[in-house]
Structure formats: structure tokens, C-alpha cells
Amino acid sequence: MNDMNVEIHADACPCCDGKTQIHWVEREFDWKMGNQSFQVKSRIPVEYCQECDLEFEGEEAEIRKHDAICRTIGRLTPGDIESIQKKSNMSHKQFAELAGVGTASLSRWKNRKTIQDESIDRLLRLISQPGGVLRTQIAKSEADTSCGKILTFRGLQGTEDQLRKKSRNFSL
Ligand SMILES: [Zn+2]
């Protein structure tokens, strides 16, 4: 077990079904977010088939490139989000509720379909602080048993206003 690439499983060649070998390469690519462009650097495993000379990138390469994008633009990686959830001892649904997002959104971030925006990224980092989950839960239970002193979140008010406006528009 002295092969440094042993943790990566080499797939069969998609072209000839032959055995492939893994080579680690440094890749640099541009990634666009809005009108900003980022230079992303990533070290990825590239698979090479000796029989037909095909070189291809497997799932592991995709995972590493996605992680590199997240780090370059300053966002948590899907793995980071998973480990924050694990540390908080919550189910997927509970964690989505705590963060105030839909379970489908949380799935998309975990499955590398999309990257969470900056505000939710900050919230997840706050939750991950020592005592962060606890504080958030206390705040939530205080809000639940509110005696009128707890302020409504501004974000929620905004959403309700927008809903009201929308329903007004619909009634016209
Ligand atoms: Zn091949």
C-alpha cells in the first residue's frame, strides 16, 4: 500500500473498457460568477488508458475542481457543509430548517449542483462556530415562545411585504 494514488479508484476506460492509470495534474481554469471571472487552480486525478491512449477526468476530478472553485471564491465546500451538519447532530431536514433554506437547496449545494450564495455561506459559518448552533437554537426557541419583545427578522418582514405586494398585484 505504498502507492500514493491508492485512495482513488481507477475506472475502466469508457472507450475500450481497458484498465486505466491515474496521473495527478495541476489544472488551471477560469470560472465566471456574474461578471466576475476567477482563476481557479486545482490538483486533479486524470485517468489514462494505455490501451487506446484516452485521457479522461472522472468523478473525483469533478469533486476536486468544484471544491477548488468554492475555495477560490471564498465559499464553503460541499464537504464543509456536510461536516457542519454532522457536528450539529442534525438531520438534513433539521439543518435546512435551522439555516432557513429549503431541503432541495441544501441538497443542491451538497451534490455540487449549485454553490450557496454569500449570505447563506456566512450563516453556515456562524452556525459552525463553537456554540453557534446552540445560540441559534436558543434564539429560535425564544422567538417561538415570544412575548412580543423578540424582534421579527427583517428578512422575514421583507418577504411578507413582497408577498403582500404580489397578492395585491394579482387582485388587480
Ligand atoms: Zn481505452
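Helix H1 lies across strands S1, S2 and S3 and runs at about 160 degrees to S2, where axes are lines fitted to C-alpha atoms, for helices over the stretch in contact, and angles run from 0 to 180 degrees between N-to-C directions. The structure is a predicted model, in which local features need pLDDT of at least 70, side-chain atom pairs count only at pLDDT 80 or more, and totals for chains, interfaces and linings use all residues. Residues are numbered from 1 along each chain as its sequence is written. Helices (H or I, at least four residues) and strands (E, at least two) are DSSP runs, numbered from the N terminus.

The three strands form an open antiparallel sheet in the order S1-S2-S3, two strands being paired if DSSP finds at least two bridges between them. Strand S1 (20-33) and S3 stand at the edges with a single partner strand each, so one side of each is left without a neighbour in the sheet.

In H1, Ala61, His66, Ala68 and Cys70 are buried, that is, 20 or more other C-beta atoms, placed from the backbone, lie within 10 Å of their own. The buried residues of H1 pack against strand S2 (36-49) and strand S3 (55-57).

Cys70 also belongs to the largest nonpolar core, which has 10 residues in all, including Leu76, Phe95 and Trp109; such a core is a set of buried Ala, Val, Leu, Ile, Met, Phe, Trp, Tyr and Cys residues joined through C-beta atoms within 7 Å. Two or more residues of this core come from each of helix H2 (78-87), helix H3 (92-99), helix H4 (103-110) and helix H5 (118-128).

Methods:
A residue is buried if 20 or more other C-beta atoms lie within 10 Å of its own, exposed if 12 or fewer, and partly exposed in between; C-beta atoms are placed from the backbone. Two residues are in contact if their C-beta atoms, placed from the backbone, lie within 7 Å.
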